[in-house]
Amino acid sequence: MKNLVILSGAGMSAESGISTFRDAGGLWDKYPVEQVATPEGYARNPELVINFYNERRRQLLDVKPNQGHELLAELEKYFNVTVITQNIDNLHERAGSKRIIHLHGELTKVCSSRDPNNHHYVKELKPEEFEVRLGDKAGDGSQLRPFIVWFGESVPEIERAISFVEKADIFVIIGTSMNVYPAAGLLNYVPRSAEVYLIDPKPVDTHTSRPIHVIQKGASEGVAELMKVLGV
């Protein structure tokens with residue numbers, strides 16, 4: 001079986017109704033990134049940040065995977081599939097994808113404020129306990145914080161992601177602006193022999209001269225077309 005590696009971004013989940021961050025009217029228009037997605041913003045106003053992610057979790061309860069998510073899961077019948085996602089939602093999991101690397105953390109998890117990447121203190125929240133409050137403590141006694149990689153923090157999963165990208169026979173980019181690093185730099189690790197596909201309704205600058213097959217459609221239509229191109 002060939003190795004198929006997918007890099008997914010906000011456009012993957014937009015069809016499900018998840019608010020994107022960068023588009024006009026997106027979350028960054030309502031909440032400055034410095035307030036809710038940096039360690040400094042959290043240190044200044046932890047309650048604001050905790051409530052921001054509580055709101056994102058509530059939204060997650062009301063949305064479902066779209067056809068694009070489901071078709072990616074179906075590709076596992078034909079390929080060794082690895083999904084590397086910049087998204088913090090759990091829609092890939094809920095659609096049935098088995099191997100998912102979350103570069104920017106997971107919305108349904110919380111962790112220690114003192115030591116965010118210590119997995120002893122990472123906790124998966126059940127849907128009925130999605131609301132975290134100021135005063136809720138991790139196992140090390142620090143405030144529970146969202147298990148999210150904020151701007152300015154290291155991306156612990158990037159090395160694992162690179163190890164799969166380096167073995168890709170087919171690399172597919174879906175719904176990402178390719179402006180956020182280190183995720184955008186993964187394209188540099190794709191073998192020269194691999195086929196590269198880009199699915200996005202808008203033009204995307206991939207900052208590379210290598211040939212890329214562009215499918216200028218949204219996630220669901222684009223993945224359906226990809227499946228035809230791949231002959232499955």
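1. Contact, as used in this note, means heavy atoms within 4.5 Å. The structure is a predicted model. With residues up to four places away in sequence set aside, Leu103 is in contact with Ile84, Thr85, Val149, Val155, Glu157, Ile158, Ala161, Ala183 and Leu186.

2. Leu103 also belongs to the largest nonpolar core, which has 24 residues. Together with Ile84, Phe171 and Leu186, Leu103 is among those with the most contacts inside this core. Two or more residues each come from β1 (3-8), α8 (158-165), β7 (170-174) and β8 (195-199). Helix α8 supplies the largest share, four residues. There is also a second, separate core of 22 residues, and its members include Val36, Leu60, Leu107 and Ala138.

3. On overall form, the protein chain has nine helices and nine strands. Its C-alpha atoms fill a box of roughly 55 × 30 × 30 Å along the principal axes. A compact globule of 232 residues would have a radius of gyration near 17 Å, and the 18 Å of this chain agrees with that. Of the contacts between residues at least 6 apart in sequence, 66% join residues at least 24 apart.

4. On burial and surface, 52% of the 232 residues are buried. The accessible surface comes to about 11200 Å², and carbon and sulfur atoms account for 49% of that area.

5. The UniProt record, an unreviewed entry, has a "binding site" annotation covering Tyr53 and Arg56. Tyr53 has a relative accessible area of 3%, so it counts as buried. Arg56 has 8%, so it is buried too.

6. Beyond its neighbours within four places in sequence, Tyr53 is in contact with Val36, Ala37, Ile88, Leu107, Pro146, Ile148 and Trp150. Of these contacts of Tyr53, Val36 and Leu107 are included in the second core.

7. Helix α5 itself has 16 residues. From its first C-alpha to its last it reaches 23 Å, close to the 22 Å expected at 1.5 Å a residue. Buried residues of α5 include Val49, Ile50, Phe52, Asn54, Arg57, Gln59 and Leu60, besides the annotated Tyr53 and Arg56.

8. For "active site", the unreviewed UniProt entry lists His104. His104 sits in the loop between β3 (100-102) and β4 (105-112). Its relative accessibility is 15%, which means that His104 counts as buried. Residues up to four places away in sequence aside, His104 touches Thr85, Gln86, Ile88, Phe147, Ile148, Val149 and Val180. Of these, Thr85 and Val149 are also in contact with Leu103, while Ile88 and Ile148 are in contact with Tyr53.

9. Where is Asp89 found? Asp89 is in the loop between β2 (80-85) and α7 (91-95). With a relative accessible area of 5%, Asp89 is buried. Not counting residues up to four places away in sequence, Asp89 touches Ser13, Ile18, Leu60 and His102. Leu60 is also one of the buried residues of α5 and is included in the second core. The C-alpha atoms of Asp89 and Ile100 are separated by 11 Å, and the two residues are 11 apart along the chain.

Methods: Residues are numbered from 1 along each chain as its sequence is written. This is a predicted model: local features need pLDDT of at least 70, side-chain atom pairs count only at pLDDT 80 or more; totals for chains, interfaces and linings use all residues. Side-chain values use heavy atoms; hydrogens and water are left out. A nonpolar core is a set of buried Ala, Val, Leu, Ile, Met, Phe, Trp, Tyr and Cys residues joined through side-chain atoms within 4.5 Å. Buried means under 20% relative accessible area, exposed over 50%, partly exposed in between (1.4 Å probe, protein chains only). UniProt positions are given in the numbering used here, feature names are shortened, and annotations may be inferred rather than shown by experiment. The expected span of a helix is 1.5 Å times one less than its number of residues. The radius of gyration is taken over C-alpha atoms; the globule rule is 2.2 Å times the number of residues to the power 0.38. Accessible areas come from the Shrake-Rupley method with a 1.4 Å probe; for residues, only the protein chains shown count as cover.
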